[in-house]
Amino acid sequence: EIAEVTGVQTCALPISDVRGEDGGIYSMLSAKDLNMNVEMAKADFHWSKRLIHGTKMRAAYWTIRTNVSSTLVTVEFSDSTAAMGPKNHAIGHVGGKKVTIEAGHPLRVENLAVAVIGSGVTVITDNRWEMSATLAPFPFADLNSRQKLINVKAKALYNADEDLVAPHGLFGQSYDGDDVAVDGAVDARSEKETTTTAQGEGAIEGVVADYKMADKFSTGFKYSRFDAASAPHRDVTKLTGVKRAAKKP
């Protein structure tokens, strides 16, 4: 039900906006031995003829436990490590040792592969998840000179809907074993000047504060799956957003 998340204003879910907090870090995908966080930042930008006081994603962070030696690996990709060119890189830590990941020099640790390609980084856990973060200019780039953001993607390479440990996080929870998409709160789309306020109400379990992390590589939050041996899907019947049939990819 979730394929892609764009960096400006909208963060997750079939149709819903999540503003977050300036500097706030949130779990987007939580699964067994895997957590993907994003960091939000304030951003004022023009969207065609509209002025929006909103947020953007400025960084993506991964914490992964490998499947053989249970080594903890972290990966960081942000608007400060990223560049539109050959200096683009991600920062990894393997068992506490820092590794700079550059184009042509991927990081491989057991079931984990991390590669810098172009202006982005791809993180793949063997036959389970393929995730990426990419530095990009704002939409309407001619109106938002020199402003950059991070776009993120996540794709299950297996039947995540049937996993004994049901995924969670702001968009990970959408792998819930049904064909129902739940639309939540969205921000105004018509006013000439707006400040975003929507926080995914109606489309996520709990409230957005439940997904806020203590730091960029934290794995623990209310719905964390990182250390779980089993975990149920979210209960869609308790969500108050508009429900509709989900489109299959």
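User: Before we start, what should I know about how the values were made?

Analyst: The model is predicted, so local features need pLDDT of at least 70 and side-chain atom pairs count only at pLDDT 80 or more, while totals for chains, interfaces and linings use all residues. Residues are numbered from 1 along each chain as its sequence is written, and side-chain values use heavy atoms, with hydrogens and water left out.

User: Which strands pair with β10?

Analyst: Two strands count as paired if DSSP finds at least two bridges between them. β9 (residues 112-117) runs antiparallel to β10, with six bridges joining them; Val 116 has Val 121 as its bridge partner. β11 (residues 129-137) also pairs with β10 in the antiparallel sense, over six bridges, and there Thr 122 stands opposite Ser 132.

User: What do the turns look like?

Analyst: Both are hairpins. Two residues separate β9 from β10, and Gly 118 in that turn has a positive phi of about 60 degrees. Between β10 and β11 there are three residues, with Asn 127 in the turn also at a positive phi of about 60 degrees.

User: Now charges. How many salt bridges does a search of the whole structure find?

Analyst: The general idea is that side chains of opposite charge can pair when their charged atoms come close. The cut-off is a side-chain nitrogen of Lys or Arg within 4 Å of a carboxyl oxygen of Asp or Glu. The search finds 12. One of them joins Asp 79 and Arg 58 at 2.7 Å, N to O. That pair links distant parts of the chain: Asp 79 sits in the loop between β5 (72-78) and β6 (89-94), Arg 58 in strand β4, 21 residues apart. Asp 79 is partly exposed at 26% relative accessibility, whereas Arg 58 is buried at 18%.

User: Which pair is 140 residues apart?

Analyst: Lys 216 and Glu 76, whose side chains meet at 3.0 Å, N to O. Lys 216 is in the loop between β14 (193-195) and β15 (242-245), and Glu 76 is in strand β5. Glu 76 is buried at 13% relative accessibility. Elsewhere, salt bridges that share partners join Glu 39, Lys 56, Arg 58 and Asp 79 into one network.

User: Where does Glu 39 lie, and what does it touch?

Analyst: Glu 39 lies in strand β3 and is buried, with a relative accessible area of 14%. Contact means heavy atoms within 4.5 Å. Not counting residues up to four places away in sequence, Glu 39 touches residues including Gly 23, Lys 56, Arg 58 and Tyr 61.

User: Which residues form the nonpolar patch on the surface?

Analyst: Patches take residues with over 30% relative accessible area and no salt bridge; like charges are joined within 9 Å, nonpolar side chains (Val, Leu, Ile, Met, Phe, Trp, Tyr) within 5 Å. Areas come from the Shrake-Rupley method with a 1.4 Å probe, and for residues only the protein chains shown count as cover. Here, Trp 47, Phe 140 and Leu 143 form the patch, with about 250 Å² of accessible area together. Trp 47, found in strand β3, is partly exposed at 32% relative accessibility.

Note on methods: Helices (H or I, at least four residues) and strands (E, at least two) are DSSP runs, numbered from the N terminus. Buried means under 20% relative accessible area, exposed over 50%, partly exposed in between (1.4 Å probe, protein chains only).
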